[in-house]
Amino acid sequence: MSDNTGISGKKNKIIESRDLVKKFGDFEAVKGVSFSVFQGECFGLLGPNGAGKTSIVKMIYGFSPITSGEMQVFGEDISARARAIKTRIGVVPQEDNLDPELSVWDNLMVYAGYFRIKREQARERAGQVLDLMELTEKADTAVNDLSGGMKRRLTLGRALINEPELLILDEPTTGLDPYARHLLWQRLRRLKEAGTTMLLTTHYLEEAEQLCDRLLILDRGEILEEGSPADLVEIHVGREVLELGIGYEEIASLTEGAGDLVKDYHVLGDNVLLFTNRGQALSDLVAGNAEKMSITLFYRRLRPSNLEDVFLKLTGKTLEDIPQGPEGY
Amino acid sequence: MARTAQLLKGVATLPDISWPLVGRVFYRNFKVFMKTWKANIMFNFVEPVLYLWAMGFGLGVYVSKINGLSYIEFLAPGLIASSAMFSTCYEMTYDSFTRMNYHKTFHAMAATPVSMDDVLMGEIIYGTFKGMLYGTVFFMITFLFGLVKSPLALFVPVPLFLLTLCFSILCLIWVSIAPNYDFFGYFFTLFVSPMFLLSGIFFPVENLPAGIRFLPWLTPLYHAVEIIRPLVLGQVTGAVLVHLGWLAAFVALTLRLPLVMVKNRLVQ
Ligand SMILES: Nc1ncnc2c1ncn2[C@@H]1O[C@H](COP(=O)(O)OP(=O)(O)O)[C@@H](O)[C@H]1O
Ligand SMILES: [Mg+2]
């Protein structure tokens with residue numbers, strides 16, 4: 001939070017969540033989560049299945065009652081002002097809930113009706129949305145006959161019908177093939193450039209990296225970390241990762257003399273990941289050590305680090321408690 | 001017990017209703033209906049017409065007059081009520097459940113300015129509309145068979161409205177506790193079919209064994225039949241007002257229930 005205080009004075013807070021808790025019976029799905037989303041940014045909730053992303057999202061748009069804590073959207077309390085707030089947001093839910101019997105066009109028009117948009121204006125808006133989503137040719141097709149990617153694009157388009165100031169996307173690309181995913185990302189980037197504030201949940205680290213300015217890493221209803229993707233990578237794992245096909249018992253000997261070249265390490269399946277800021281130097285040193293000790297390196301790969309590594313480091317186990325071996329992740 | 005309390009939470013509060021948005025919810029269902037009615041209409045009509053034909057013309061030949069009426073004259077007004085009831089019941093059980101659980105239509109609408117109360121009120125009105133529509137069309141059929149005897153029959157939509165409203169409410173209450181589609185089988189077998197057989201459509205309820213003669217009085221269908229038959233035959237008495245009052249009171253007392261129960265099921 002502290003890294004935002006500099007801009008919070010200037011930028012509008014669109015979402016402010018304080019000590020947000022969600023319980024289902026005795027089970028606490030969200031355990032006191034606080035964050036703010038500022039105007040114009042794309043904010044990510046990143047976490048594995050069951051982390052509590054959907055639970056948080058449903059509280060933001062007032063679907064699910066808040067157990068305790070506070071949720072303000074556009075500066076107003078969601079539980080008191082849901083109707084007014086919902087006119088200003090667009091929601092792309094995790095599960096498609098289009099009207100399957102209706103045509104693409106009718107889906108948009110019917111949905112526009114829920115916002116009491118005048119018919120003329122709704123037509124104009126629906127036309128623009130179809131254009132943006134490249135679905136114009138499909139206007140008369142029944143939703144049942146669309147591909148998964150097209151349905152997702154229509155769901156996104158539908159969420160834009162009221163020109164929302166805040167767009168909420170709950171795992172917008174889960175289940176799509178890579179091509180459809182990239183197509184959707186392009187659209188989201190365009191919306192972001194146009195200044196739409198976005199809150200996006202995902203369990204794809206690549207997606208968070210591609211789209212989010214800032215993000216929370218969530219696990220089991222708790223915040224593990226918060227920051228920009230680049231900062232998180234820099235802080236937790238350094239710039240590069242050296243992947244080695246060795247057992248964890250060989251790490252010590254192979255990294256002998258590496259000193260602070262190795263920022264951290266992690267066992268992933270049959271590989272060991274060494275996190276570093278100076279990849280080439282470390283790679284050379286490891287190769288030298290291996291040769292000296294006549295250890296065969298079956299696999300050695302140097303690559304830029306990414307959020308996935310951060311995630312692994314934050315949620316995965318450390319080297320010491322991996323006696324079970326490969327299932328460490 | 002805890003589960004019942006959870007389902008009924010908020011029953012004493014006022015619903016959050018915006019009537020224009022209730023209209024949009026209705027319109028959404030109506031729009032789908034316009035796409036599919038041709039395929040479904042047979043399903044809803046064949047059965048009552050078959051009853052009219054088989055019971056009225058077939059069985060009726062062997063039945064001496066009931067209350068001074070030929071059997072088909074006695075039967076037809078009751079079938080107007082039951083065809084409306086069945087149409088509402090199919091729509092508000094299987095189809096509402098599909099919208100709620102599989103198409104997630106209620107969720108989609110609740111993410112817009114539409115409130116959950118708007119959604120459910122729109123559903124109730126749609127179920128009522130559909131029952132009234134099918135009831136009215138069956139009324140036309142009885143008219144074409146020459147079985148409508150009085151211009152008072154023009155008031156038939158009034159009891160049809162109350163009847164189908166009652167059943168929209170009852171069905172949605174059932175939806176709120178239904179774990180799956182099979183559950184609706186019980187609804188039809190345990191409630192709807194016995195009601196159909198024992199509510200004075202096929203024979204006067206006075207013919208029931210004394211011990212269970214009160215049962216029809218507890219059902220909306222019986223009261224609707226007791227209003228529709230006098231209207232169609234032109235034999236209206238003051239008793240009609242009692243039956244209307246019963247139906248109106250039922251609606252007034254139960255309307256809040258499906259709104260809270262379905263909402264409490266969906267919103268957790
Ligand atoms: N209606 C519910 N009743 C009980 N538990 C729930 C309900 N919805 C979600 N949960 C539980 O809450 C946790 C968080 O779920 P969810 O918010 O859907 O996570 P995510 O979207 O990150 O996958 C999970 O353990 C899930 O099983
Ligand atoms: Mg989720």
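Modeller: A:Phe115 sits in the loop between α4 and α5 (119-132) of chain A. Helices (H or I, at least four residues) and strands (E, at least two) are DSSP runs, numbered from the N terminus. This is a predicted model, in which local features need pLDDT of at least 70 and side-chain atom pairs count only at pLDDT 80 or more, while totals for chains, interfaces and linings use all residues; side-chain values use heavy atoms, with hydrogens and water left out. Residues are numbered from 1 along each chain as its sequence is written, and chains are lettered from A and ligands numbered from 1 in the order in which they are written.

A:Phe115 counts as buried because its relative accessibility is 12%; buried means under 20% relative accessible area, exposed over 50%, and partly exposed in between (1.4 Å probe, protein chains only). What surrounds A:Phe115? Leaving aside residues up to four places away in sequence, A:Phe115 touches A:Lys86, A:Thr87, A:Ile89, A:Ile161 and A:Asn162, and from chain B it touches B:Thr112 and B:Pro113. A contact here is a pair of heavy atoms within 4.5 Å. One of these neighbours, A:Thr87, is 28 residues from A:Phe115 in sequence, yet the two C-alpha atoms are 6.3 Å apart.

The next stop is a cavity. The structure holds one cavity of 30 Å³ or more, and the largest cavity contains about 40 Å³ of space. On a 1 Å grid over the protein atoms alone, a cavity is a set of points where a 1.4 Å probe fits but cannot get out; a pocket is an open set with protein on both sides within 12 Å along at least five of seven lines, and lining residues have an atom within 4 Å of a point. Grid points are joined across faces, edges and corners, and the volume is the space filled by probe spheres set on the points. The largest cavity is lined by residues of chain A, among them A:Asn107, A:Tyr111, A:Tyr114 and A:Arg158, and by B:Thr105, B:Ala108 and B:Met109. Two elements give two or more residues to this lining: α4 of chain A and α4 (105-110) of chain B. By type, the lining has four nonpolar, three polar and two charged residues. In this count Ala, Val, Leu, Ile, Met, Phe, Trp, Tyr, Cys and Pro are nonpolar, Asp, Glu, Lys and Arg are charged, and the others, Gly among them, are polar.

The largest pocket has a volume of about 920 Å³. It is lined by 35 residues, of which A:Gly62, A:Phe63, A:Pro65, B:Lys263 and B:Val267 are the closest to its centre. Elements that give two or more residues to the lining are β1 (13-24) and α3 (78-86) of chain A, and α5 (116-144) and α10 (256-266) of chain B. The largest contribution is that of α3(A), with seven residues. The lining splits into 15 nonpolar, ten polar and ten charged residues.

The buried residues include B:Pro258, B:Leu259, B:Val260 and B:Leu266. Among the elements that cover them are α3 (71-102), α6 (157-177) and α9 (239-254) of chain B.

Back in chain A, there is a metal site. The magnesium ion (ligand 2) is coordinated by A:Thr54 through OG1 and A:Gln94 through OE1, at 1.9 to 2.2 Å. Donors are N, O and S atoms within 2.8 Å of the metal (3.2 Å for Na, K and Ca), and because water is not among the atoms, sites may look incomplete. The pair links distant parts of the chain, 40 residues apart: A:Thr54 is in helix α2 (residues 53-60), and A:Gln94 is in the loop between β6 (89-92) and α4 (104-114). A:Thr54 counts as partly exposed at 24% relative accessibility, and A:Gln94 counts as partly exposed at 36%.

Is A:Thr173 buried or exposed? A:Thr173 is buried, with a relative accessible area of 0%. Not counting residues up to four places away in sequence, A:Thr173 touches A:Arg181, A:Leu184, A:Trp185, A:Tyr204 and A:Glu207.
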